[in-house]
Amino acid sequence: MELICKLLVYVTLLFPISILSLQECNFPAVFNVGDSGSDTGALLSMFGEPAAPPPNGETFFHSSAGRVCDGRLLIDFIAEGVGVPYLSAFLDSMGTNFTHGANFATVGSTIRRQNTTIFQSGYSPISLDIQYAQFSNFLKRSQIIRRKGGVFKNLFPEEFKFSSALYTFDIGHNDLTAGYQLNMSPGYQYSIQ
Ligand SMILES: *[C@@H]1O[C@H](CO)[C@@H](O)[C@H](O)[C@H]1NC(C)=O
Ligand SMILES: *[C@@H]1O[C@H](CO)[C@@H](O)[C@H](O)[C@H]1NC(C)=O
């Protein structure tokens, strides 16, 4: 059953119209790593609007929603499809709710760490290994914080959700442009062209 659900997700990526069929998959949470294709507010939280200028998802969310897009992103449609709330960005400290997952993506992220700063080149310091470190930290600390009870119990996922969640990866194209713009060995450039 789980395999069928995962296959459906891949099919969905190719044919978004079939997202409705995911309702039956029943994933209790979604965890995402990625770049601008799926950032739901992290870069805006870290660096403010100059780094992530409007429209920020305004046409759909009716206020700035931290997306580098004038509406919803694919990750938003996936959340709708599996029946969980839109994912909060892990790095957003305001109004976040992680009961049904967390989003570690940031605009400009790469798989490999880049030897440059966002101010020099526009690439995010939150590369895939950092996103994984944040997820590991989240996995451990969310359970400790949940045990405090009260409001915290309703802001973080129960432990079982981690093993039955949907994990999505949407990262890699910035490595190609970074390799082209920054490293620039002629052979590397040629292989990308
Ligand atoms: C950054 O520099 C380190 C140390 O020189 C190197 O190992 C790594 O491959 C470099 N990263 C990129 C993306 O070029
Ligand atoms: C977080 O979201 C879940 C799902 O929508 C909801 O049940 C829960 O009450 C929310 N937590 C808080 C503290 O609002």
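## Strand pairing around S1

Two strands pair if DSSP finds at least two bridges between them. Helices (H or I, at least four residues) and strands (E, at least two) are DSSP runs, numbered from the N terminus. In this predicted model, local features need pLDDT of at least 70, side-chain atom pairs count only at pLDDT 80 or more, and totals for chains, interfaces and linings use all residues. Residues are numbered from 1 along each chain as its sequence is written, while chains are lettered from A and ligands numbered from 1 in the order in which they are written.

Strand S1 (residues 30–34) pairs in the parallel sense with strand S3 (residues 166–170) over five bridges. With strand S2 (residues 101–103), S1 also pairs in the parallel sense, over three bridges.

A residue is buried if 20 or more other C-beta atoms lie within 10 Å of its own, exposed if 12 or fewer, and partly exposed in between, with C-beta atoms placed from the backbone. Five of the five residues of S1 are buried, so the strand is largely enclosed by the rest of the structure. Both faces of S1 are covered, with Val30, Asn32 and Gly34 buried on one side and Phe31 and Val33 on the other.

In helix H4 (residues 74–82), the buried residues are Ile75, Asp76, Ile78, Ala79, Gly81 and Val82.

## Backbone exceptions in the loops

Most residues other than glycine have a negative phi, and most peptide bonds are trans. The loop between helix H2 (42–47) and helix H3 (58–61) contains Pro55, which is joined to Pro54 by a cis peptide bond with omega of about 25 degrees. Asn56 lies in the loop between H2 and H3 and has a positive phi, near 55 degrees. Asn56 is partly exposed because 19 other C-beta atoms lie within 10 Å.

His62, in the loop between H3 and H4, also has a positive phi, near 65 degrees. With 8 other C-beta atoms within 10 Å, His62 is exposed.

## Surroundings of ligand 2

Pro85, Asn97, Thr99, Val151, Asn154 and Leu155 surround ligand 2; a residue is near a molecule if its C-beta atom, placed from the backbone, lies within 6 Å of it. By class, this shell has three nonpolar, three polar and no charged residues. Here Ala, Val, Leu, Ile, Met, Phe, Trp, Tyr, Cys and Pro count as nonpolar, Asp, Glu, Lys and Arg as charged, and the others, Gly among them, as polar.
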